Amino acid sequence: MSIQLDKIVVATRNSGKFIEIKKLLQETDIKLLSLSDFPEIPEVVEDGATFEDNALKKAKFVASSLGVTALADDSGLCVDALSGRPGVMSARYGGPNCNDMRRFVKLLEEMKEIGAGHRTASFVCVMALVAPDGEQRLFRGVCEGRILDEPRGTGGFGYDPIFYFEEFGMSFGEMDLDTKNRVSHRARALKMFADFVEESVKSKASQG
Ligand code: IMP
């Protein structure tokens, strides 16, 4: 069965993520479910080399297990001077005993010799929409910025306090959450997904 937009299972148990997606699609007739509705579905190991690999792996698994169209995401921080690291390893950077703060302190430490002009980085989020027959679409949201010398702000999570977002002239950690959630890499990928949904609904309607 190819991509169907009447019902989508979002491959997450994170209620924050699910609420964000629901909010964006509230004007549509799509019935949205999350993995919290399917406790029998196991976690998928995120061992891909790219965000695309991981998002597709999760969405494919859920779509084929449940026989419905599935949406999954993967995201992380890519530092140019570190050849894109931590990238897909963002959540695991520093090992299992690290919390968010230890992780960004470790990253600052790793970058302490890197000069001001070479600290560019981007937050990336890839969303994969996959049908049970394997038909797929990818949506990639990016926020460009640079890694600060020391943390600024206490908002957000993960690497937010050390990521200076050029467009807003402040760190993600200094932005209020509503603003960050409107402009983040995740919001951008989601917006592309929502635009795809809108286009699909329009073209279906015009075909009668
Ligand atoms: P996941 O896509 O939920 O698996 O997130 C991957 C990891 O990337 C998170 O655990 C964070 O370390 C990092 N990350 C992703 N998005 C953000 C963000 O918006 N702010 C800070 N860190 C993030």
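**Cavity and ligand site**

Let's start with the lining of the largest cavity: Val 10, Ala 11, Thr 12, Lys 17, Ile 21, Leu 71, Ala 72, Asp 73 and Met 127. Keep in mind that this is a predicted model. How much space lies in that cavity? About 40 Å³. A search of the whole structure for cavities of 30 Å³ or more finds 1.

Now the elements behind that lining. α1, residues 15–24, and β3 each supply at least two residues. β3 gives the largest share, with 3 residues. By class, the lining has 6 nonpolar residues, 1 polar and 2 charged.

On to the ligand. Where does it sit? In the largest pocket. There are 14 residues around the ligand, and Ser 75, Asp 160, Lys 180, His 185 and Arg 186 come nearest.

Next, the contacts to ligand oxygens. Lys 180 has a polar side-chain atom 2.7 Å from an oxygen atom of the ligand. For Lys 17, a polar side-chain atom lies 3.0 Å from a ligand oxygen. Lys 17 is also one of the residues lining the largest cavity. Arg 186 has a side-chain N or O atom 3.0 Å from an oxygen atom of the ligand. How much of the ligand does the protein bury? Taken alone, the ligand exposes 490 Å², and 86% of that is buried by the protein.

Key. Residues are numbered from 1 along each chain as its sequence is written. This is a predicted model: local features need pLDDT of at least 70, side-chain atom pairs count only at pLDDT 80 or more; totals for chains, interfaces and linings use all residues. Side-chain values use heavy atoms; hydrogens and water are left out. A residue is near a molecule or strand if one of its heavy atoms lies within 4 Å of it. A polar contact is a pair of N or O atoms within 3.5 Å; within protein, one must be able to donate a hydrogen and the other to accept it, and residues adjacent in sequence count only if both atoms are side-chain atoms. Accessible areas come from the Shrake-Rupley method with a 1.4 Å probe; for residues, only the protein chains shown count as cover. On a 1 Å grid over the protein atoms alone, a cavity is a set of points where a 1.4 Å probe fits but cannot get out, and a pocket is an open set with protein on both sides within 12 Å along at least five of seven lines; lining residues have an atom within 4 Å of a point. A molecule sits in a cavity or pocket if more than half of its atoms lie within 2 Å of its grid points. Grid points are joined across faces, edges and corners, and a volume is the space filled by probe spheres set on the points. Helices (H or I, at least four residues) and strands (E, at least two) are DSSP runs, numbered from the N terminus. Ala, Val, Leu, Ile, Met, Phe, Trp, Tyr, Cys and Pro count as nonpolar, Asp, Glu, Lys and Arg as charged, and the others, Gly among them, as polar.
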